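Visitor: I am new to this structure and would like to learn how to read it. Please take me through some of its features.

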Amino acid sequence: MFFLFGERIHSDSKNIGKKDCGVCGKQQPFSQVVETRYFCLFGIRLLPIDKSANYLLCTQCNNAFPLELEESTRGGPAQQPTHLALIKRVLVYIQLGYAMHTRRDVVQDICIKVTGFEIQAEEISQQMQDLDSGNVDLFDSLRSSASSLNLQGKQQVIEAAFLITYACCEIQYEDRLRINLIGNAMDVSIEFISSVIEHVHSQGCYGVRRILPSQQRIS
């Protein structure tokens with residue numbers, strides 16, 4: 001007898017009222033989204049395996065925020081979506097790996113094209129310092145933040161990783177492997193990563209300019 005079984009993620013959401021959205025720039029309706037991974041048989045959910053994500057979602061722009069947004073917006077500036085800080089870190093990490101730290105303009109160009117947000121020169125310098133000193137580990141950051149990301153945020157992280165790699169080199173096996181590892185740290189499939197890269201290619205790589213220096217690999 002043939003059995004069809006596997007895993008599937010099911011999302012539940014509940015409205016939690018209006019909050020300040022750092023993307024929309026004003027108060028918008030928000031939902032709390034809980035994603036649970038289930039063991040399925042013939043497409044029917046049987047047993048919950050784990051809670052894969054739990055985040056706040058702006059229902060207007062579809063960006064995900066950490067649950068701490070509720071406290072962080074009281075009397076202070078609107079918090080940015082979870083994926084934005086990760087994208088900035090990914091861009092600088094890969095830029096450093098190809099010894100392109102003087103080409104901050106490329107990081108700034110990709111950041112605004114993928115996210116709509118700028119990354120300031122001071123932010124780039126701080127990211128470089130954190131990564132160089134070992135105080136910050138990119139993959140730990142991705143894994144620890146994955147539960148506060150939705151698919152849209154994960155897509156933008158992969159887009160940024162691909163575009164900065166595309167700008168710095170002719171992509172070879174190990175370059176693509178690094179992008180796959182970034183996706184894996186966020187718990188997305190190789191198929192999802194490939195579809196994101198195909199989409200970026202279909203958009204002309206968002207007009208990102210290539211530098212193509214002599215490659216220096218990330219150790």
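Visitor: Are F162 and Y166 buried or exposed?

Guide: Buried means under 20% relative accessible area, exposed over 50%, and partly exposed in between, with a 1.4 Å probe and protein chains only. Here F162 is buried, and Y166 is too. This is a predicted model, where local features need pLDDT of at least 70, side-chain atom pairs count only at pLDDT 80 or more, and totals for chains, interfaces and linings use all residues. Residues are numbered from 1 along each chain as its sequence is written, and side-chain values use heavy atoms, leaving out hydrogens and water.

Visitor: How many aromatic pairs does a search of the whole structure find?

Guide: Rings of Phe, Tyr and Trp (its six-membered ring) pair if their centres lie within 6.5 Å; planes under 30 degrees apart count as stacked, over 60 as edge-to-face and the rest as tilted. The search finds three such pairs. One of them, Y93 with F139, is edge-to-face, at 6.0 Å centre to centre and 90° between the planes.

Visitor: Why is the pair of F162 and Y166 stacked?

Guide: Their planes are at 25° and their ring centres 6.0 Å apart, so the pair counts as stacked.

Visitor: How many disulfides are there?

Guide: A disulfide is a covalent bond between the sulfur atoms of two cysteines. The test is a pair of cysteine sulfur atoms within 2.5 Å. The search of the whole structure finds zero. C21 is in no disulfide, and the nearest cysteine sulfur, in C61, is 3.7 Å away. C21 is buried, at 1% relative accessible area.
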